[in-house]
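My notes follow in the order I took them.

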Amino acid sequence: MATSGGPEIEQLIQLMARLPGLGPRSARRAVLQLIKKKETLMVPLSAALDRAVDAVRTCEVCGNIDTRSPCGICSDPRRGEGGILIVVEDVSDLWALERAGVGMVKYHVLGGVLSPLDGVGPEDLSIDSLVKRAPEFSEIVLAVNATVEGQTTAHYITDRLAGMGVKVTRLAHGVPVGGELDYLDEGTLSQALKARTVI
């Protein structure tokens, strides 16, 4: 559905609609807000985007996104060597764990999960570089999503790391804090029962 504001505005709406969580309607509202607050919002946003295009880098060690490589996490001496390496699917997962304050750990971003139906194989992910990094750590935590593709990826990585003398663990899955059993799906309940702990 075209706007009545001209091709530049329509292009801006179409580009905004490509962002996750923004459909055409939300993109239109966002663009209108940018236009209404042109001097205080649109101009600074444009300048920040220009700076980010030149400054943003992908970390050559872990795959995080930062303005330097190695990134701030990889080059932080407080995180030390030989500790815990958390393997995540995407940078957004890394950032979520950092916001949660999981501790002085290091990360490895896979860049997705194995998905033969989508044509994503081991060579499309950063699994080889993970295998090379593995001996540097005492424990590798596979923090992948509890989807079929995530489980497949975790099993594949576990097989690749077998015999390397490094402890491989997974995040616990099950009943979330504040969750009510009646609202949980059968898979979550089953996993929670299998992963039960002594109190």
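I began with alanine 17. Setting aside neighbours within four places in sequence, I found alanine 17 in contact with Leu22, Gly23, Pro24 and Ala27. This is a predicted model, so I keep that in mind throughout. Alanine 17 lies in helix H1. I then looked up the C-alpha separation of alanine 17 and alanine 27. The two are 10 residues apart along the chain, and their C-alpha atoms are separated by 5.1 Å.

I recorded an angle and a distance, because two packed helices are described by the angle between their axes and the distance between the axes. Helix H1 covers residues 7–17 and helix H2 covers residues 24–36. They pack at an angle of about 125°, and their axes are 8 Å apart. That angle makes H1 oblique to H2. I noted the crossing of H1 and H2 as right-handed.

Which residues make this contact? From H1 I listed Ile9, Leu12, Ile13, Met16 and Ala17. From H2 I listed Pro24, Ala27, Arg28, Ala30, Val31, Leu34 and Ile35. By class, the contact of H1 with H2 has 11 nonpolar residues, no polar ones and 1 charged.

I moved along to H2 and helix H3, residues 38–55. Their axes come within 6 Å and cross at roughly 110°. H2 and H3 are therefore roughly perpendicular to each other. On the H2 side, the contact uses Gln33, Leu34, Ile35 and Lys36. On the H3 side, it uses Lys38, Leu41, Met42 and Leu45. I sorted the contact of H2 with H3 into 5 nonpolar, 1 polar and 2 charged residues.

Lysine 36 got its own check. Lysine 36 lies in helix H2. It is exposed, with a relative accessible area of 67%. I also took a separation from lysine 36 to glutamate 139, which is 103 residues apart from it along the chain. Their C-alpha atoms are separated by 51 Å.

Then the cores. How many residues does the largest nonpolar core have? I got 17. Val87, Leu110, Ile127, Ile140 and Ile157 have the most contacts inside it. Strand E3 (82–88), helix H5 (127–133), strand E5 (137–143) and helix H6 (148–161) each supply at least two residues of this core. A second, separate core has 15 residues, among them Cys62, Cys71, Ile73 and Val105.

Leaving out neighbours within four places in sequence, isoleucine 127 is in contact with Leu110, Leu114, Pro122, Tyr156, Ile157 and Arg160.

Backbone check next. Most residues other than glycine have a negative phi, and most peptide bonds are trans. I noted a cis peptide bond joining serine 69 and proline 70, with omega about 0°. Where is proline 70? I placed proline 70 in the loop between strand E2 (65–66) and E3.

Last entry: serine 92. Serine 92 lies in helix H4, residues 91–100. Its relative accessible area is 42%, so serine 92 is partly exposed. Glutamate 180 is 88 residues apart from serine 92 along the chain. The C-alpha atoms of serine 92 and glutamate 180 are separated by 27 Å.

Note on methods. Residues numbered from 1 in each chain as written. Predicted model: local features only at pLDDT ≥ 70, side-chain atom pairs only at ≥ 80, totals over all residues. Heavy atoms only, no water. Core = buried A, V, L, I, M, F, W, Y, C linked by side-chain atoms within 4.5 Å. Buried < 20%, exposed > 50% of the residue type's maximum accessible area, 1.4 Å probe, protein only. Helix = DSSP H or I, 4+ residues; strand = E, 2+ residues; numbered from the N terminus. Contact = heavy atoms within 4.5 Å. Axes fitted to C-alpha atoms, helices over the stretch in contact; angles between N-to-C directions. Parallel < 35°, antiparallel > 145°, perpendicular 65-115°, else oblique. Left-handed = near helix turned anticlockwise from the far one by under 90°. Nonpolar A, V, L, I, M, F, W, Y, C, P; charged D, E, K, R; others polar.
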